[in-house]
Amino acid sequence: MYQALYRKWRPKTFADVVGQEHITQTLRRQAAQGRLSHAYLFTGTRGTGKTTCAKILAKAVNCQNPSDGDPCGQCPACLGIDNGSLLDVMELDAASNNGVDHVRALRDEAIYSPASVKYRVYIIDEVHMLSVAAFNALLKILEEPPAHLIFILATTELHKVPATILSRCQRFAFKRIMPQDIAQRLLYVSARENIALSPDAAETLARLADGALRDALSLLDQCAAAGGTIDGPRVLDVLGLAGAVQTAQMMDLLLRRDVPGALTLLHQLYTGGKDVAALLGELSALARDLLIRMTAPAGGAALLSGGFDTGVMDSLSQAVSPTRLIYMAAQLQSALAALPLSPNRRTDAELCLIRLCDESLCGDVTALAARLARLEEGEPRRAAPRPASGRPEPAPIPPAQAAPPPARQAAPVIQQPAPPEPAPIPPSDPPPWDGAPGPEDGPPPYGEPARREAPPPVESEKKPAPPSAPQGGQLWRNVAEICKNQLTPMYWYMLDDASGTLEGDVLVVRCGDELTMETLKSPDAAAAIRTAAGEQLGRSVAVRFTLGGSEPAARQDKLEELIRQGSRYDSFTVKD
């Protein structure tokens with residue numbers, strides 16, 4: 001049965017571990033001198049050798065023929081640990097054994113002495129997955145373990161491990177493996193597996209592994225299954241990546257704000273089987289490298305990913321500012337984070353490229369800053385597209401052909417014609433005296449102004465007599481008309497359905513039903529009725545409301561009433 005490369009080429013000794021010399025030297029010296037701790041905690045990202053070093057340490061402390069701290073790999077203890085047949089060394093997965101019952105069973109079993117080796121070793125992978133109760137159950141045995149017991153805990157999320165556990169373990173932090181170390185290991189493995197791997201393909205795989213040697217070996221295994229010589233373009237084709245050349249071409253189109261060109265290149269890569277997430281990831285890596293080269297030119301060379309040519313990066317750096325590179329990197333990171341949940345990954349990638357070409361489309365502070373930068377650079381403003389219409393637009397008039405403004409001239413003098421002679425006024429009955437000349441004076445001759453009589457003197461002591469008070473139904477009709485000018489239309493129908501009679505100094509308002517009476521008794525309506533009645537009678541009167549007892553006042557036709565009342569309020573309109 002075929003065995004995967006990362007399992008077949010797992011290191012057997014501390015010397016075979018790649019890129020973790022600061023850890024392997026310490027563990028080898030402890031195993032050689034016998035100065036072992038009862039608990040170890042290995043932390044770091046995936047594929048960096050945590051579980052591998054734990055198994056090597058378990059073999060080193062139980063090996064019958066150790067060599068300077070390294071296991072021999074040939075004794076029964078080493079072979080039993082390698083094939084998993086030795087029950088005194090157990091490898092547990094905390095993701096599936098995270099309950100307190102599992103830890104209690106482990107604690108009850110750990111007190112027994114090992115059967116065939118010197119130390120009983122428990123390797124607990126992904127220890128951060130244990131529950132709080134399980135951590136509490138593990139705490140006591142970690143603090144005071146038996147002399148034959150060693151715990152090796154491994155985790156990728158150190159912040160989830162309680163501080164009480166951390167303080168009882170020796171902590172070793174595994175770092176990411178450098179790309180050059182991964183490339184050398186890939187060439188070593190491929191030479192012994194008869195795989196034709198070129199150095200540039202090894203560098204590409206090492207860059208894609210992101211510091212994890214296990215990932216690099218898995219990618220090599222995938223490329224080797226395709227057969228033939230594995231070079232750089234073959235790796236990109238098998239893994240569905242765009243490649244450094246096409247990524248640099250896409251970045252050049254984005255920096256030149258060529259939206260049609262960027263979308264066309266994306267279409268070509270998409271139809272060719274390239275993954276849009278991988279393309280955006282490579283663009284993000286290129287933007288990061290360009291930004292580091294521009295902001296830290298002296299010491300930033302060691303921080304670059306190494307996947308792009310120096311000359312290409314120099315040419316791209318001349319056409320972009322650090323501010324825009326920060327914006328592009330942020331947009332690419334946001335798009336990559338949203339792609340796993342996107343219903344249409346291609347559309348999201350196209351929208352991301354359009355926003356990268358024009359910052360003013362993002363709709364935030366960056367859009368405003370981009371517009372201000374264009375104004376400072378003197379870039380002409382792009383006219384907004386006008387809606388299509390059937391009328392042809394007039395052609396603009398060139399400045400040279402534009403008609404000069406007319407000179408100011410004096411206004412011409414217009415001769416007014418003489419007014420026509422008025423027709424003679426036929427004699428008629430004299431109107432009542434209104435201050436005009438009387439009939440005995442006769443009409444004034446033509447061209448002579450009429451005489452103006454002075455108004456009669458007004459005596460301040462005399463006041464005009466109040467008009468005669470209306471009586472009967474006319475009084476209520478006048479009061480209702482005055483109230484309609486002061487109240488909202490809600491009260492108009494109620495006023496028409498009621499009637500009023502004067503009984504001494506009391507205006508008795510008779511209503512047809514309780515609703516009408518309650519409505520007219522409201523403070524606004526009662527005050528308006530009282531005021532209108534006082535104006536009609538010339539004195540203050542009281543108002544009393546009652547039900548029935550009199551025939552309602554005559555009402556006009558409803559249509560005419562609505563038309564007449566609608567003229568007072570603009571909000572009401574009567575249609576035919």
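1. A word on the source. This is a predicted model: local features need pLDDT of at least 70, side-chain atom pairs count only at pLDDT 80 or more, and totals for chains, interfaces and linings use all residues. Residues are numbered from 1 along each chain as its sequence is written, and side-chain values use heavy atoms, with hydrogens and water left out.

2. Where is serine 198 found? It lies in the loop between α8 (179–192) and α9 (199–209). Helices (H or I, at least four residues) and strands (E, at least two) are DSSP runs, numbered from the N terminus. Serine 198 counts as buried because its relative accessibility is 16%. Buried means under 20% relative accessible area, exposed over 50%, partly exposed in between (1.4 Å probe, protein chains only). Beyond its neighbours within four places in sequence, serine 198 is in contact (heavy atoms within 4.5 Å) with Leu187, Ile230, Asp231 and Gly232.

3. Now strand β3 (residues 120–125). Of its 6 residues, 5 are buried, so the rest of the structure largely encloses this strand. Two strands pair if DSSP finds at least two bridges between them. β3 runs parallel to β2 (residues 89–93), with 5 bridges joining them. Valine 89 has valine 121 as its bridge partner in β3. β3 also pairs with β4 (residues 149–155), again in the parallel sense, over 6 bridges. There, isoleucine 124 stands opposite leucine 153.

4. Follow the chain between these strands. From β3 it crosses through helix α6 (residues 132–143) to β4, in a right-handed β-α-β crossover. β2, helix α5 (residues 100–110) and β3 also make a right-handed β-α-β unit. Right-handed means that, with the strands pointing away from the viewer, the path from the first strand over the helix to the second runs clockwise.

5. A nonpolar core is a set of buried Ala, Val, Leu, Ile, Met, Phe, Trp, Tyr and Cys residues joined through side-chain atoms within 4.5 Å. The largest one has 34 residues; Met250, Met251, Leu254, Leu280 and Leu283 have the most contacts inside it. Its largest share, 8 residues, comes from α14. Leaving aside neighbours within four places in sequence, leucine 283 has contacts that include Thr247, Leu332 and Leu353. A second, separate core has 29 residues, among them Ala54 and Val61.
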